[in-house]
Amino acid sequence: MLDPVFSVGDGLDGLRVAIAALALAASVAYFGVMQLPRSAARTLAKTLCFSTLSFLPLTFLLAYPEPLAGLIALSLALVLSALGDMFLALGEERRLFVAGLSSFLMAHVVYVAGFIPFIAAPSVEALVVMLACGAAALGLVAWLWPRLGGLRLPVLAYFGIIMVMVAGSLSVPMASPWLGAGAVIFAVSDSLIAVRKFMSPFPFANELVWGTYVVAQFLITASMLEILLPG
């Protein structure tokens with residue numbers, strides 16, 4: 001799965017490995033500081049992972065100019081995700097939560113835009129997964145609804161677009177199963193955030209949210225690069 005990502009032979013393979021390794025190291029390092037009090041250093045640690053990984057798609061632009069739009073879309077989705085990480089790391093205030101929610105919503109929209117050129121009729125198995133995810137999302141929103149207050153519409157819109165993202169990822173027949181898996185895991189991570197914020201914290205909440213989120217983003221990134229790059 002990762003061979004096409006690093007084995008281009010244009011002199012930048014080492015840089016690509018370094019970018020991916022730094023992003024992965026940053027994601028692991030954040031586990032060590034996530035329980036510390038909020039600070040500029042902690043916020044930087046959280047945003048470093050995907051702001052770094054966002055450079056990976058751009059390293060292919062000279063070697064493979066044909067998938068220009070797809071590579072830029074993938075990079076932009078990662079940048080928006082890093083921006084969402086920054087807002088959520090800064091505090092729990094409503095304005096910061098809404099800003100983070102908006103950033104991630106836009107990231108999902110960009111992911112969907114990146115999927116669209118490759119979308120076709122989904123398989124029966126994919127439809128089953130879509131229906132299961134949709135039912136789970138509706139159940140979660142119904143459970144959270146009394147606690148959402150003035151955030152009902154933003155949260156509803158957010159869950160709507162992430163379900164579109166999940167459905168889109170499962171409708172790309174040329175993709176490996178890891179693309180759909182990444183989107184579903186992303187939805188799980190976002191659901192954990194909602195439960196933590198609107199219901200109550202639960203054991204290892206921060207670790208579970210971050211861990212699922214990192215796995216999801218790396219799976220989506222690798223899967224999309226596999227689709228976009230020839231070979």
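Is Asp 10 buried, partly exposed or exposed? In this predicted model, Asp 10 counts as partly exposed because its relative accessibility is 32%, a value between the 20% and 50% cut-offs.

**Salt bridges**

The partner is Arg 16, which forms a salt bridge with Asp 10; their closest N and O atoms are 2.8 Å apart. Arg 16 itself counts as buried, because its relative accessibility is 0%. Arg 16 also forms a salt bridge with Asp 13, here with the closest N and O atoms 2.9 Å apart. Both Arg 16 and Asp 13 belong to helix α2, which spans residues 13–33. They sit three residues apart there, about one turn of the helix. The structure holds two salt bridges, and Asp 10, Asp 13 and Arg 16 are linked by them in a network.

In soluble globular proteins, nonpolar side chains tend to be buried together. Here the largest nonpolar core has 64 residues, and the members that touch the most others are Phe 50, Phe 60, Tyr 111, Met 165, Leu 179, Phe 186 and Phe 198. Several helices contribute at least two residues each to this core: α2, α3, α5, α6, α7, α8 (152–169), α9 and α10. Helix α10 gives the largest share, nine residues.

Phe 186 is a handy place to look around. Beyond its neighbours within four places in sequence, Phe 186 is in contact with Phe 104, His 108, Tyr 111, Ile 162, Met 165, Tyr 213, Ala 216, Gln 217 and Ile 220.

One of those contacts, Phe 104, deserves a visit of its own. Phe 104 lies in helix α6, residues 94–115, and counts as buried because its relative accessibility is 6%. Setting aside residues up to four places away in sequence, Phe 104 touches Ser 81, Gly 84, Asp 85, Leu 88, Tyr 158, Phe 186 and Tyr 213. Phe 104 and Ala 205 are 101 residues apart in sequence, and their C-alpha atoms are 19 Å apart in space.

**Pockets**

Where is there open space? Rolling a probe the size of a water molecule over the atoms shows where empty space is left.

| Pocket | Volume | Lining by class |
|---|---|---|
| Largest pocket | about 440 Å³ | eleven nonpolar, three polar, eight charged residues |
| Second largest pocket | about 200 Å³ | eleven nonpolar, five polar, one charged residues |

The largest pocket has a volume of about 440 Å³. Its lining counts 22 residues, and the closest to its centre are Lys 46, Leu 88, Glu 92, Arg 196 and Asn 206. The elements that give two or more residues to this lining are α3 (40–53), α5 (68–90), α6, α9 (177–198) and α10 (205–228). Helix α9 supplies the largest share, six residues.

Two or more of its lining residues come from each of α7 (124–148) and α9. The largest share of the lining of the second largest pocket, four residues, again comes from α9.

Key
Residues are numbered from 1 along each chain as its sequence is written. This is a predicted model: local features need pLDDT of at least 70, side-chain atom pairs count only at pLDDT 80 or more; totals for chains, interfaces and linings use all residues. Side-chain values use heavy atoms; hydrogens and water are left out. A salt bridge is a side-chain nitrogen of Lys or Arg within 4 Å of a carboxyl oxygen of Asp or Glu. Buried means under 20% relative accessible area, exposed over 50%, partly exposed in between (1.4 Å probe, protein chains only). Contact means heavy atoms within 4.5 Å. On a 1 Å grid over the protein atoms alone, a cavity is a set of points where a 1.4 Å probe fits but cannot get out, and a pocket is an open set with protein on both sides within 12 Å along at least five of seven lines; lining residues have an atom within 4 Å of a point. Grid points are joined across faces, edges and corners, and a volume is the space filled by probe spheres set on the points. Ala, Val, Leu, Ile, Met, Phe, Trp, Tyr, Cys and Pro count as nonpolar, Asp, Glu, Lys and Arg as charged, and the others, Gly among them, as polar. A nonpolar core is a set of buried Ala, Val, Leu, Ile, Met, Phe, Trp, Tyr and Cys residues joined through side-chain atoms within 4.5 Å.
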